[in-house]
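Subject: Structure handover

Hello,

Here is the structure I promised to pass on. Please open it first, then read my notes below.

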Amino acid sequence: MTKKKGPDTWQEITTGCVVFQPGSASEYHTGSWRAQRPVWNNQKCIKCGICYIFCPEGCIQQSEDGFFQANMDYCKGCGICAHECWPRAIAMTEEG
Amino acid sequence: MAKRAGMEVAMAVAEAVGQCNIDMAAVYPITPQSHIAEHLSELIADGKVDAEFVTVESEHSAMSAVIGASGTGARVYTATSSQGLMLMHELLPIASAMRLPIVMGIANRAVSGPLNILNDHSDIMPQRDSGWISIFVENGQEAIDLSIQAFKIAEHKDVLLPVCINIDGFQLTHMVEPVEFPEQELVDKFLPPREPYATLHPGKPVTMGAFAMSDYYPEMMKAKNEAIKNSKKTILAVWEEWAKIFGRAYKPVETYKAEGAEILLLTMGSMGETAEVAIDELRAQGKSVGLVKLRLWRPFPFEELKEAVKEAKKLIVIDRAVSFGGPGGPVFSEIKSALYHEEARPMICNYIIGLGGRDVAVTDFTGMITRVLREDSKKIADTCEFWGVRER
Ligand code: SF4
Ligand code: SF4
């Protein structure tokens, strides 16, 4: 798991676990959950953007060349992108 | 001047809530709570109470709506009963984990099945571990007083927890009783506007109800448990303040002719008044009997309970709910475990009574006590009986 910057003991947890710092979810790297990673084959990719829309982590970005790639800090390896990509341009491969 | 009235208790509860400067209420009507829902919506619709009444399509939505509104810093109220409370169940621990002050009136009613609309405590007992402060009332006046006090307790900076007030369905909600409404000016002084710890506001974003896995969840549960245990101090302080201003005193464990009594009866809710009559009758016959009434269910008042029963030889615990396949009634098992390590502790027996609205009469209590007086202690210790259930 990612190293935490948060409170240590139960006494330090804010009342009701309210998080006062906006956007702090980005500090939580869901990429640490990943067992498989998506690998793009741009030769098959038709740049439809379906993977970008369906990714539950919102971690897929379009590059300047119009192809897509995932930010591995947040890609949790769910495989939804690969499942939805109908030209089968994304393959899920085991993490080493 | 405090206003005196003869009023149905459910309506009186709505009137009392209307005195509390609430911002919002979301109440889905269900028998026997309906008159709270109806009368409160009337008060708001007629402009007598300046609040938003959110009409919802279920109790699940009612609880969700008050959670959201409480998150914005509003003073909120809801009320329910039986199946409605069961439908809210999923959200109750969320409200307490988020430390959101919410006040809920519960018109206690039996849960299905079989379908039954009358009173017992089988709706509140399964909510025991949801992290809500849970208080029982005995009559209409207590229902009014506690409904007002509940806001102060829930919103106190040292508490910040939801509070439910248990009001026996029909036995209390549908009784017309003489009641006194506290003077509005005094209520306003007693209950100043809520000062929220955090609010949902686009100008100052915060996250409420954050995700926490095994790395934080246990610490959060410990913090919640400490918070509700710690709330007793504030509850006692609020009751003291109430007694000073309004002249009516409340205690976590109330007693009636209990001092020095050999046999004690322990009840919760409206049964207490019936039990008092039974105690009077037996005292008049020279029997050494008394009554203990458990008002505060969560946080459980361990010290006060131990103090109240320490001199008794036998303790009869009355339950209005069943823990199926368990040790008897839920109140019984809690009392028994609370006293386990005490050196001097009474023999404890359990009678389950009043299920599904079955009448609880003075003769039931005198009958139990008379039987326990007769039997030797060993034998009673094993008693856990459905009192008055027909048998072949
Ligand atoms: S595997 Fe899941 S999380 Fe990772 S990029 Fe694909 S859809 Fe997003
Ligand atoms: S879904 Fe497949 S084809 Fe479409 S953009 Fe993503 S990788 Fe390319």
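Predicted model: local features only at pLDDT ≥ 70, side-chain atom pairs only at ≥ 80, totals over all residues.

Start with the contact between the two chains. Between chain B and chain A, the count of salt bridges is zero. Polar contacts do turn up across the interface of chain B and chain A: three residue pairs, both partners at pLDDT 80 or more. Helix 8 of chain B gives the most to the side of chain B that touches chain A, namely five residues. By class, that side of chain B has 14 nonpolar residues, five charged and one polar.

How much area is buried between chain B and chain A? About 1700 Å², with carbon and sulfur atoms giving 70% of it. Chain B puts 20 residues into the contact, and chain A puts in 18 residues.

Next, chain B by itself. Chain B is divided into domain 1, residues 3–246, and domain 2, residues 253–386. The contact takes 30 residues from domain 1 of chain B and 26 residues from domain 2 of chain B. Their C-alpha centres lie 28 Å apart.

The two domains of chain B bury about 2200 Å² between them. Carbon and sulfur atoms account for 55% of that area. On the domain 1 side, Arg128(B), Glu138(B) and Lys232(B) lose the most area to domain 2 of chain B. Together these residues make up 29% of what that side buries.

How many salt bridges cross between the two domains of chain B? The rule finds six salt bridges there. Glu138(B) forms a salt bridge with Lys293(B), and the closest N and O atoms are 3.1 Å apart. The count of polar contacts between the domains of chain B is 16 residue pairs, both at pLDDT 80 or more.

Which elements of domain 1 of chain B give two or more residues to the side that touches domain 2 of chain B? They are strand 6 (133–136), helix 6 (140–155) and helix 8 (217–246) of chain B. Helix 8 of chain B has the largest share of that side, with seven residues. That side of domain 1 of chain B divides into 14 nonpolar, eight polar and eight charged residues.

Ligand 2 is surrounded by residues of chain A, among them Cys45(A), Cys48(A), Cys51(A) and Cys85(A). Trp40(A), Phe68(A) and Pro87(A) also belong to the residues that surround ligand 2. By class, the shell around ligand 2 has ten nonpolar residues, one polar and one charged.

Last, some backbone details in chain B. Most residues other than glycine have a negative phi, and most peptide bonds are trans. The peptide bond from Thr31(B) to Pro32(B) is cis, with omega near 0 degrees. Pro32(B) is found in the loop between strand 2 (24–25) and helix 2 (34–45) of chain B. From Ser112(B) to Gly113(B) the peptide bond is also cis, with omega near 5 degrees. Gly113(B) has its place in the loop between strand 5 (103–108) and strand 6 of chain B. Asn21(B) is not a glycine, yet has a positive phi of about 55 degrees. Asn21(B) lies in the loop between helix 1 (9–18) and strand 2 of chain B.

Best wishes

Technical notes. Residues numbered from 1 in each chain as written. Chains lettered and ligands numbered in written order. Heavy atoms only, no water. Domains from an automatic or database assignment. Contact = heavy atoms within 4.5 Å. Buried area = accessible area lost by both parts, 1.4 Å probe. Salt bridge = Lys/Arg side-chain N within 4 Å of Asp/Glu carboxyl O. Polar contact = N/O pair within 3.5 Å; in protein donor to acceptor, adjacent residues only side chain to side chain. Helix = DSSP H or I, 4+ residues; strand = E, 2+ residues; numbered from the N terminus. Nonpolar A, V, L, I, M, F, W, Y, C, P; charged D, E, K, R; others polar. Near = heavy atom within 4 Å.
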